[in-house]
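Please read this note with the model open beside it. The points go from the whole chain to single residues.

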Amino acid sequence: MPGIDFNTLRHEITMEQVLRLLRFDCTRRRGSQWHGHCPLHESEPRHRTAFSVNVALDCYYCHKCKSRGDQFTLWAEATRTPIRQATINLCQQCRRNVPWLPR
């Protein structure tokens, strides 16, 4: 089974695209640092900024559920799918070809 070239894909699918697909509601922005309700768990009103994402670095962290990672990890966790299959599904959602690594 061939692998996925994540380095190539990181330039094609951004964190912002994944956040749009997840309908992320940003409650506070400061440059490339965004905060809001975590798309991975039900946030209480007092935790409206528990989810922190840096769209320039394509990384996120939730201070409540402790989830962290890049746009592919976020999509995998949000869809409750293993990372490989989640990335393939994400490519389909974004109308991108999967950049397969040659064997």
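1. Helices and strands here are DSSP runs, numbered from the N terminus: a helix is H or I with at least four residues, a strand is E with at least two. With that convention, the order of elements from the N terminus on is α-α-β-β-β-β-β-α-α. The chain therefore has four helices and five strands.

2. This is a predicted model, in which local features need pLDDT of at least 70 and side-chain atom pairs count only at pLDDT 80 or more, while totals for chains, interfaces and linings use all residues. Residues are numbered from 1 along each chain as its sequence is written, and side-chain values use heavy atoms, with hydrogens and water left out.

3. On overall dimensions, the radius of gyration is taken over C-alpha atoms, and the globule rule is 2.2 Å times the number of residues to the power 0.38. For 103 residues a compact globule would have a value near 13 Å, and the 14 Å of the chain agrees with this. The C-alpha trace spans about 50 × 25 × 20 Å along its principal axes.

4. A residue is called buried under 20% relative accessible area, exposed over 50%, and partly exposed in between (1.4 Å probe, protein chains only).

5. On charge, Lys and Arg count as positive and Asp and Glu as negative, with His and the chain ends not counted. Each charge is placed at NZ of Lys, CZ of Arg, CG of Asp or CD of Glu. There are 16 positive and 9 negative charges, and their mean positions are 3 Å apart.

6. Contact means heavy atoms within 4.5 Å. Among the contacts with a separation of 6 or more, 44% are between residues 24 or more positions apart.

7. Which residues have the most contacts inside the largest nonpolar core? A nonpolar core is a set of buried Ala, Val, Leu, Ile, Met, Phe, Trp, Tyr and Cys residues joined through side-chain atoms within 4.5 Å. The largest such core has 26 residues, and those with the most contacts inside it are I13, L19, F51, V53, Y60, L74 and L90. At least two residues of this core come from each of helix 2 (15-21), strand 3 (51-54), strand 4 (59-62), helix 3 (71-79) and helix 4 (83-93).

8. Helix 4 deserves a separate look. Its buried residues are A86, T87, I88, L90 and C91, and they pack against helix 1 (6-12), helix 2 and helix 3. L90 is in contact with I13, V18, L21, F72 and W75, leaving aside neighbours within four places in sequence.

9. R84 is also in helix 4, but R84 is partly exposed, at 28% relative accessible area. Not counting residues up to four places away in sequence, R84 touches M1, P2, I4 and W100. R84 and M1 are 83 residues apart in sequence, with their C-alpha atoms 11 Å apart.

10. P99 lies in the segment after helix 4. Is P99 buried or exposed? With a relative accessibility of 14%, P99 counts as buried. P99 touches G3, I4, D5, T8 and L9, residues up to four places away in sequence not being counted. The C-alpha atoms of P99 and I4 are 5.8 Å apart, although 95 residues separate them along the chain.

11. R23, in the loop between helix 2 and strand 1, is not a glycine, yet has a positive phi of about 55 degrees. R95, which follows helix 4, is likewise a residue other than glycine with a positive phi, near 55 degrees. R23 is exposed at 74% relative accessibility, and R95 is exposed at 76%.

12. S32 is in the loop between strand 1 (26-30) and strand 2 (33-36). S32 is partly exposed, with a relative accessible area of 27%. Apart from residues up to four places away in sequence, S32 touches V53, N54, V55 and A56. Between the C-alpha atoms of S32 and I83, which are 51 residues apart along the chain, the separation is 25 Å.
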